[in-house]
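Welcome! Please take a look at the sequence and the 3D structure, and then we will walk through them together.

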Amino acid sequence: MQLPLPAAPDYSQALRYLGVPEGDAASRALLERCAAPLWQAASPRGTARAVPTGQLPAELTAGRDIRLHLGDSPQTLLFAATLGPGVDALLRRLAATDVAAAAAADALASALVEQVCDEYETLLRQEWQQNGLYLTGRFSPGYGDYPLAAQPVLCRLLDTHRAIGLSTAPSCMLTPCKSVTALLGIGDTPRRGHRAGCATCALRTTCAYRKRGTFCDAEPTV
């Protein structure tokens, strides 16, 4: 399904992705310059499907963190969203012509895909609550000890290539790159997911936040 673009960019999150202070006026101005072309290039789409948790392929429950996150949820919601190929094309053009703008647009696109996912998740949460069911937050491959190898399986089960134009590369990375896959637990009582820590994170050796002595501070999975 086609998803709406947020009303405004999340400049604060984009500045965090750039690793610069909130009050950095030059970086903020660069982000503002990149916002309009990015919004024009983006075409957000999402797809989701519920399956019985007990029927999930082994690849989708590999790792302690995802099993803790789903807990006793009898159903699991498979989730995927993308900003579309236009954003990838924009980032490639900027990388060839304006390195600073390319970095700013990349950070802004990373913030944008999270905004899109947040709004899509809110919509799904409201739909399920109308039927007396509750969702955990989303938990994505690559987070904690949940392997990226789960992404091709998740995409296959959702048929994301046909549904929203999302595929996986041999490296298990997503194409278009500004995309997200995730699992959410579903149950008839309010769900609390599991929040993974740095110790088991698949990105712990390359994480820019850890290099700066801070944390990603992802939203609590509730």
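Which residues in α1 meet which residues in α5?

## Two helices that meet

Tyr11, Gln13, Ala14, Tyr17 and Leu18 in α1 meet Ala103, Ala104, Ala107, Leu108, Ser110, Ala111 and Glu114 in α5, where contact means heavy atoms within 4.5 Å. By type, the residues of this contact are 9 nonpolar, 2 polar and 1 charged.

The axes of α1 and α5 come within 8 Å and cross at roughly 125 degrees. That makes α1 oblique to α5, a word for angles that are not under 35 degrees (roughly parallel), over 145 (roughly antiparallel) or 65 to 115 (roughly perpendicular). The crossing of α1 past α5 is right-handed.

## About the model

This is a predicted model, in which local features need pLDDT of at least 70 and side-chain atom pairs count only at pLDDT 80 or more, while totals for chains, interfaces and linings use all residues. Residues are numbered from 1 along each chain as its sequence is written, and side-chain values use heavy atoms, with hydrogens and water left out.

## The chain as a whole

The protein chain has 8 helices and 6 strands; these are DSSP runs, helices (H or I) of at least four residues and strands (E) of at least two, numbered from the N terminus. Along the sequence, the pattern is α-α-β-α-β-α-α-β-α-α-β-β-β-α.

Of the 222 residues in the protein chain, 45% are buried. Here buried means under 20% relative accessible area, exposed over 50%, and partly exposed in between, with a 1.4 Å probe and protein chains only.

## The cores

In soluble globular proteins, nonpolar side chains tend to be buried together. The largest nonpolar core here has 41 residues, and Leu38, Phe79, Val87 and Leu108 have the most contacts inside it. (Such a core is a set of buried Ala, Val, Leu, Ile, Met, Phe, Trp, Tyr and Cys residues joined through side-chain atoms within 4.5 Å.) The elements giving two or more residues to this core are α1, α2, β2, α4, α5 and β6, and α5 provides the largest share, 15 residues.

A second, separate core has 19 residues, including Leu70, Leu154, Ile164 and Leu166.

## Details in the loops

Thr175 and Pro176 are joined by a cis peptide bond, with omega about 0 degrees. Pro176 sits in the loop between β5 and β6.

Asp159, in the loop between α6 and α7, is not a glycine but has a positive phi of about 50 degrees. Asp159 counts as partly exposed, at 33% relative accessibility. Cys172, in the loop between β4 and β5, also has a positive phi, about 75 degrees, but counts as buried at 16%.

Conventions:
Axes are lines fitted to C-alpha atoms, for helices over the stretch in contact, and angles run from 0 to 180 degrees between N-to-C directions. A crossing is left-handed if the near helix is turned anticlockwise from the far one by less than a right angle, and right-handed if clockwise. Ala, Val, Leu, Ile, Met, Phe, Trp, Tyr, Cys and Pro count as nonpolar, Asp, Glu, Lys and Arg as charged, and the others, Gly among them, as polar.
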